Amino acid sequence: MKNANCLVNKNYRIADIDERVYGSFIEHMGRAVYTGIYEPDHQEADEQGFRKDVIQAINELNVPIVRYPGGNFLSGYDWKDGIGPKEERPVRLDYAWFSIEDNSFGIDEFADWSKKAKTEGMIAVNLGTGTPAEAGQLIEYCNIEKGTHWSDLRRKNGHEEPHNFKVWCLGNEMDGPWQTCQLTAEDYGKKAKETAKILKWVDPDIELVACGSSSKEMPTFPEWDLTVLDHTYEYVDFISLHRYYEYNGDVQNFLAAHYDLNEFIQTIRAAADYVKAKHRGTKDIYLSLDEWNVWYNSQMDTKRWQHAPAIAEDVYTLLDALVVGGLLCTIVNNADRVRMACLAQLVNALAPIHTAPNGEVLKHTTYYPFQQVSNYGRGDVYKNLVVCDDVETERFGKIPELQSLTTFDADKGELAFFVLNTNQTEDIKLDLDLKEFGQLKMIDHEVLVGDDMFAVNSFENPQNVVPEKVNLVETIGTEFAIELPKLSWHMVRFSVQ
Ligand code: AHR
């Protein structure tokens, strides 16, 4: 076994962690809503039709914010179709996923569901077919208490109290030709700015997210981000980033996803800083990585115009879970600028939680690293000074073989260390120096590892890929040796003595 070491110095505090980096996403896509979070006939459904077993699985993930209602769906969606008596709601064609939308779940149901799921809403307004005026009507419906047309309509629809959503996204992926009513950066920048003005006039306490590039591969990247921010700098708080990865036969490249994501983040951070300087501004624009995940584009060509077809129900492998762990490290290591992030998505469509209609809930492999980091990666994030060997990647050349993250929750007196060993052939003994934090007791060590990188969980074998507890040997001290088998993901937790 070879050696590596990691020093965590208390003076190298990167930032406090905004808990919203552990957000997720529910879109009207496939079975995310219908037969996902909402299935009135299911035996686990509550009186509003929300599946309690799904809420339980979400609660265990500890997700503080959920983006809604899309995604590509958003750009052809009229939010007014989803309010009022259900029997009067129109059935529409959804151009994004070529599905039938019956509108039995809308903004009021989402508000009720998010309370039960112990999460906040991040609401996106349609800037494809939608107008700034309609976005203004939506926020009036949601956030104004009473005495106006739209707020009184909400009360008439059974919600006396405002929903008070505090984060709003200005459209979705408006740079993409797949979007209903794609816009140029110029046109989107102007539309986003005018919409932002209305939204903040109606509720000055909200935060706004402008659409950044939908991926690094877009021909308009990164010019899009500069142009959009040039129009909106004074009015928005965040620029969005979206990033998906898939395994295409090269394990080492796939495991370098965290490295790629870091590059993307640094580029958008630089673009935001450039615009800040150009505007002689004082505020930083934060980054909202409001779609990220591993995504295989499975079942994308389902028969047209069905209600809630199975779309993108990816079955994740152990390897995918390792990649998700590495990506989480990158997100939290950038917590000084990435203040929101959404695992896309949450249920059924490219998601860690899978449901059988009328049946049970299954946790895919990717559920577990997210659960660990979301629950324990809280407080402040510290820089890890790691000395380790490199691995050779086709895409990036040599990069460090370890990816890691240290968080310290001063209120709880707990430190959490997460690490991914991407070496495909060698185990590593990692000497972890935590003296700066005083005497620590190792209270937990969980590892995700296995002989078969392509192992998955299924209804027949739901515990096939889950973190295993490691026996804790030398538990109290300031320096710890951790064994990292080849291709393994770890969470090690310590309490201050
Ligand atoms: O999350 C799935 C889709 O990916 C979203 O609808 C879209 O915004 C992105 O292209």
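Student: Is strand E21 (residues 440-448) enclosed or open, and why?
Tutor: In this predicted model, seven of the nine residues of E21 are buried, so the strand is largely enclosed by the rest of the structure.

Student: OK, and how many bridges pair E21 with E25?
Tutor: Eight, in the antiparallel sense, with E25 covering residues 488-496. One of the pairs there puts His445 against Val492 of E25.

Student: What about E23, how does that one run against E21?
Tutor: E21 and E23 (residues 476-477) run antiparallel and are joined by two bridges. Leu440 sits opposite Gly477 in E23.

Student: And which residue stands opposite Val447 in E22?
Tutor: That's Glu468. E22 spans residues 468-469, and two bridges link it to E21, again with the strands antiparallel.

Student: Switching to helices. At what angle do H8 and H9 pack?
Tutor: About 30°, and their axes are 8 Å apart. H8 is residues 257-278 and H9 is residues 318-333.

Student: So what do you call that arrangement of H8 and H9, and why?
Tutor: Angles under 35 degrees count as roughly parallel, and therefore H8 and H9 are roughly parallel to each other.

Student: Left-handed or right-handed crossing for H8 and H9?
Tutor: The H8 and H9 crossing is right-handed.

Student: Which residues meet there, between H8 and H9?
Tutor: From H8 you get Ala257, His258, Leu261, Asn262 and Ile265, and they meet Val323, Gly326, Leu327, Thr330 and Ile331 of H9.

Terms used: Residues are numbered from 1 along each chain as its sequence is written. This is a predicted model: local features need pLDDT of at least 70, side-chain atom pairs count only at pLDDT 80 or more; totals for chains, interfaces and linings use all residues. Side-chain values use heavy atoms; hydrogens and water are left out. Axes are lines fitted to C-alpha atoms, for helices over the stretch in contact, and angles run from 0 to 180 degrees between N-to-C directions. Helices (H or I, at least four residues) and strands (E, at least two) are DSSP runs, numbered from the N terminus. Angles under 35 degrees count as roughly parallel, over 145 as roughly antiparallel, 65 to 115 as roughly perpendicular and the rest as oblique. A crossing is left-handed if the near helix is turned anticlockwise from the far one by less than a right angle, and right-handed if clockwise. Contact means heavy atoms within 4.5 Å. Buried means under 20% relative accessible area, exposed over 50%, partly exposed in between (1.4 Å probe, protein chains only). Two strands pair if DSSP finds at least two bridges between them.
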